[in-house]
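Hi,

Here is the model I promised to send over.

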Amino acid sequence: QVQLVESGGGLVQPGGSLRLSCTASGIIFSIYVVGWYRQAPGKQRELVSGITSGGNTNYADSVKGRFTISRDNAKNTVSLQMNSLKPEDTAVYYCNVYRLINSVVVGDYWGKGTLVTVSS
């Protein structure tokens, strides 16, 4: 059974930092693409950052220069370091993993999310 467990969310003041982690089990983690998504109240879920099995990364424009994604395949973990947090970063953050086989998404799994609140 595949499980993704996010941790590290919480309340932080504007300008502060948080580090989110997502630990996977039940899959060969190293071959999966991993993404962090977020969903703010009343808004659609959006991609924040992703990292491929080869370590290539991408970021939403809104977080470039502030967030850093990384993965540790030995620990089946992906992290999202979030610095210079803004109130608009407030959302539930979700971890997602998937594989691409012949351009088809397979093995698409989601965690339950962790809440990040940026407020003074």
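Start with the charged end of Arg 45, which sits over the ring of Trp 110, 4.7 Å from its centre. By "over a ring" I mean that NZ of Lys or CZ of Arg is within 6 Å of the ring centre and within 35 degrees of the ring normal. Arg 99 does likewise with Tyr 32: its charged end is over that ring, 6.0 Å from the centre.

Some housekeeping: this is a predicted model, so I kept local features to pLDDT of at least 70 and side-chain atom pairs to pLDDT 80 or more, while totals for chains, interfaces and linings use all residues. Residues are numbered from 1 along each chain as its sequence is written, and side-chain values use heavy atoms, with hydrogens and water left out.

Now the strands. They are DSSP runs (E, at least two residues), numbered from the N terminus, and two of them pair if DSSP finds at least two bridges between them. An open sheet is made of four strands in the order β1-β3-β8-β7, with antiparallel pairing. β1 (3-7) and β7 (67-72) are the edge strands; each has a single partner, so one side of each has no neighbour in the sheet. On average, neighbouring strands here are turned by 15 degrees against each other, direction ignored (axes are lines fitted to C-alpha atoms, and angles run from 0 to 180 degrees between N-to-C directions). Inside the sheet, β3 (residues 18-25) and β8 (residues 77-82) pair antiparallel over six bridges, and Arg 19 stands opposite Gln 81 in β8.

β5 pairs with β4 (residues 33-39) over five antiparallel bridges, where Trp 36 has Ser 49 as its bridge partner. Six residues separate β4 and β5 in their hairpin, and Gly 42 in the turn has a positive phi of about 80 degrees. Three bridges join β5 to β6 (residues 57-59), again antiparallel; Ser 49 is partnered there by Tyr 59. That hairpin has five residues between its strands, with Gly 55 in the turn at a positive phi of about 95 degrees.

Is Val 48 buried or exposed? Buried, because its relative accessible area is 1% and the cut-off for buried is under 20% (1.4 Å probe, protein chains only). Beyond its neighbours within four places in sequence, Val 48 is in contact with residues including Trp 36, Tyr 59, Phe 67 and Leu 80, contact being heavy atoms within 4.5 Å.

Cheers

Definitions and conventions:
Buried < 20%, exposed > 50% of the residue type's maximum accessible area, 1.4 Å probe, protein only.
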